[in-house]
Amino acid sequence: MNPDPDPATPDSTVRVLAERLAASGQALLGRSLAVRHVDAGSCGGCEIELAAVRVLRDGLSRSGITFTDDPRAADVLLITGVATTNLAEAAQRTLAAMAPPRFVVAMGDCAVDGGVFKGSAPVLGGAERILPVDLLIAGCPPTPRQIIAGLLALLEANAAPVRRTPRRIEPKA
Amino acid sequence: MTADFAILIGSAATEPASPVALRVLPPESWARLAAGDATARFLGLWIARDRVHALFEHNGSPLFLASPLVERRYAALSPGWTLAAWFERLAHDLTGAIANNAADTRPAIRHGVAGTDAAWPRFIETPGEGFYQIGQGPVSGLIATPAHRRFTLDGARIARLEHRLGYAHRGILALMRGKSPRAAARFAARIAGGATVAHALAFARAAEAASGTTAPPRAETLRAIMLNIERITSDLSALAATAEAAGHLRRATVLGRVRAEIAAALALVFGHRLMMDLVVPGGLAADARPDEFPRLTAALAAASRAVRGIGRVSVRRDLRGAAPLALARARSAINLAATARDALAALPEGIIAHPLPAATGMAIGAAASATGMIHHWVMLEAGQIADVFVIDPATRLLPALEAASVGMNFDEFALLSEIYGISFGAVDL
């Protein structure tokens with residue numbers, strides 16, 4: 001039994017986090033954080049919680065995350081599942097297609113260090129075995145609150161390099 | 001079943017197994033199975049202990065057959081049972097056993113291994129001028145699925161669809177071997193996250209039957225409730241994804257939210273949003289918290305209301321070829337929600353687990369997931385898992401989806417793919 005460390009987060013807590021993430025994204029990127037998801041060999045549990053993050057919108061407050069098909073448009077490569085030998089190349093090619101600044105987030109115990117599949121012959125281990133990882137979000141699977149809190153931490157810690165929108169220049173008096 | 005088939009099986013030697021005996025055929029009798037039979041349904045094939053095993057369903061009950069390998073070879077069943085092709089490929093990659101006269105000898109999970117197929121990836125050639133192929137995956141879609149799809153197109157219509165799998169192969173069967181059923185249950189729970197209860201339950205039932213024990217009544221009732229709720233959440237996920245693919249974004253969001261509310265209630269009742277690691281051989285790892293049942297029943301009632309909109313004419317029209325399956329899943333969710341609510345109100349008191357004796361035996365356990373029946377075969381020796389095999393309904397749905405896609409355009413196929421809700425991890429193992 002792997003007890004959920006966060007069984008009963010009130011929706012309001014998640015909403016506050018999501019609002020902060022959306023505000024950070026607006027301030028730093030001028031838009032939401034764009035995520036390219038890669039399933040490196042997941043059971044599908046992490047994807048269920050990603051789907052839950054996608055429906056967290058509430059009126060004006062949005063989750064502050066958009067998922068994108070296009071690696072070129074993505075800020076974050078979000079990798080779930082244990083890194084299998086078979087998917088390693090596809091994951092590396094996806095990262096190579098992303099424009100810098102780019103970040104790699106390993107989500108879920110399998111992507112963090114291989115989880116229960118650690119040491120199995122057809123797997124390499126955590127995402128770090130195939131890609132340089134900037135942030136780990138543990139949990140099996142992590143809750144929507146943990147996912148959003150993790151991405152918020154990433155955005156806030158990397159405030160300067162992520163800045164892409166030019167600062168508004170006030171006309172001189 | 002034809003008379004010939006019945007005689008073949010009737011004359012076989014039997015060995016004890018649960019719920020039906022294992023019938024061991026001599027190799028020459030096994031070879032005659034390849035002719036196929038319209039009255040039996042193929043479920044799975046695997047190699048263990050120098051034997052090839054096959055599980056069928058016949059007249060509503062399981063039919064469990066085996067035959068010794070001869071020089072690591074056996075007669076392929078794929079000429080008569082097309083569903084056997086994937087299992088023969090998987091068996092070859094896992095054990096090296098060769099299926100004679102197999103319909104498909106491409107690698108299943110071993111990509112690019114020297115000697116298996118130098119040209120991997122290899123897909124069937126296009127039939128002529130005007131046809132072309134498009135590949136998709138294993139990194140595609142907003143939330144990616146670990147599979148590669150190869151569409152052969154005739155104009156804008158799909159002429160053929162093939163899948164390349166193996167991207168989510170984690171070696172689950174090997175990880176389960178040599179462990180106690182209790183320790184192996186963690187792997188069974190991670191075959192498919194959307195069917196974690198169903199897989200853990202099929203595995204627990206197999207381990208319990210092989211050990212000659214059962215779970216206590218309270219655990220059995222809670223297991224049935226958990227299984228029903230998992231099926232509802234899976235139906236909601238598939239319906240939400242299908243609605244989104246159809247452009248019904250508001251409906252998709254509503255369905256996603258009622259699904260998320262069930263997850264939040266499950267975290268309160270069972271301590272985990274997906275109910276992972278709760279079903280263990282012998283019973284349950286933790287009891288439910290009845291004081292949180294009202295939130296769960298309210299979430300289930302909201303789910304019942306949310307799926308009713310699928311029946312509207314305007315929605316059905318936009319779901320196109322996926323509409324019949326979407327309606328069936330919506331109806332199923334409503335029925336299951338009512339059943340779960342009634343069961344929660346009549347939960348028996350008592351203990352939630354029996355100890356599992358260190359037994360020797362063989363059994364097949366089954367549990368119904370949202371997409372079909374899951375089967376786990378377990379062989380115990382002195383309380384340790386000597387061997388195990390897992391059959392997920394995705395192995396049957398994938399060929400069905402490939403066949404159904406023919407003649408569709410991409411948009412309609414996307415709808416059908418979402419409502420099928422195939423777990424590739426459960427195929428790759």
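1. B:Ile47 sits in strand β3 of chain B, which covers residues 40–48. The model is a predicted one. B:Ile47 has a relative accessible area of 12%. That value is under 20%, so B:Ile47 counts as buried.

2. What surrounds B:Ile47, once its neighbours within four places in sequence are left aside? Its contacts are B:Val52, B:Leu69, B:Tyr74, B:Ala91, B:Thr95 and B:Ala97. B:Leu94 deserves a separate mention. In sequence, B:Leu94 and B:Ile47 are 47 residues apart. In space, their C-alpha atoms are 8.8 Å apart.

3. Next, helix α5(B). Its buried residues are B:Pro181, B:Ala184, B:Ala185, B:Phe187 and B:Ala188. Why do they lie on the same side of α5(B)? They cover an arc of only 155° around the axis, and that places them on the same side of the helix.

4. The packing partners of these buried α5(B) residues are both helices and strands of chain B. The helices are α4 and α6 (196–211). The strands are β14 (372–381) and β15 (384–391).

5. Now the interface. On chain B, 46 residues are in contact with chain A; on chain A, 45 residues take part. The two chains bury about 3,600 Å² between them. Carbon and sulfur atoms account for 62% of that area.

6. The rule finds two salt bridges between chain B and chain A. A:Glu49 forms a salt bridge with B:Arg273, and the closest N and O atoms are 2.4 Å apart.

7. Which helices of chain B each supply at least two residues of the side that touches chain A? They include α4 (172–176), α5 (181–188) and α8 (249–270). The largest share comes from α8(B), with ten residues. By residue class, the side of chain B that touches chain A divides into 23 nonpolar, 14 polar and nine charged residues.

8. Helix α5(B) therefore belongs in both parts of this note: its buried residues pack against other elements of chain B, and the helix supplies at least two residues of the side that touches chain A.

How values were computed. Residues are numbered from 1 along each chain as its sequence is written. Chains are lettered from A and ligands numbered from 1 in the order in which they are written. This is a predicted model: local features need pLDDT of at least 70, side-chain atom pairs count only at pLDDT 80 or more; totals for chains, interfaces and linings use all residues. Side-chain values use heavy atoms; hydrogens and water are left out. Contact means heavy atoms within 4.5 Å. Buried area is the accessible area (1.4 Å probe) that two parts lose on being put together, summed over both. A salt bridge is a side-chain nitrogen of Lys or Arg within 4 Å of a carboxyl oxygen of Asp or Glu. Helices (H or I, at least four residues) and strands (E, at least two) are DSSP runs, numbered from the N terminus. Ala, Val, Leu, Ile, Met, Phe, Trp, Tyr, Cys and Pro count as nonpolar, Asp, Glu, Lys and Arg as charged, and the others, Gly among them, as polar. Buried means under 20% relative accessible area, exposed over 50%, partly exposed in between (1.4 Å probe, protein chains only). The arc is that of the directions from the helix axis to the C-beta atoms.
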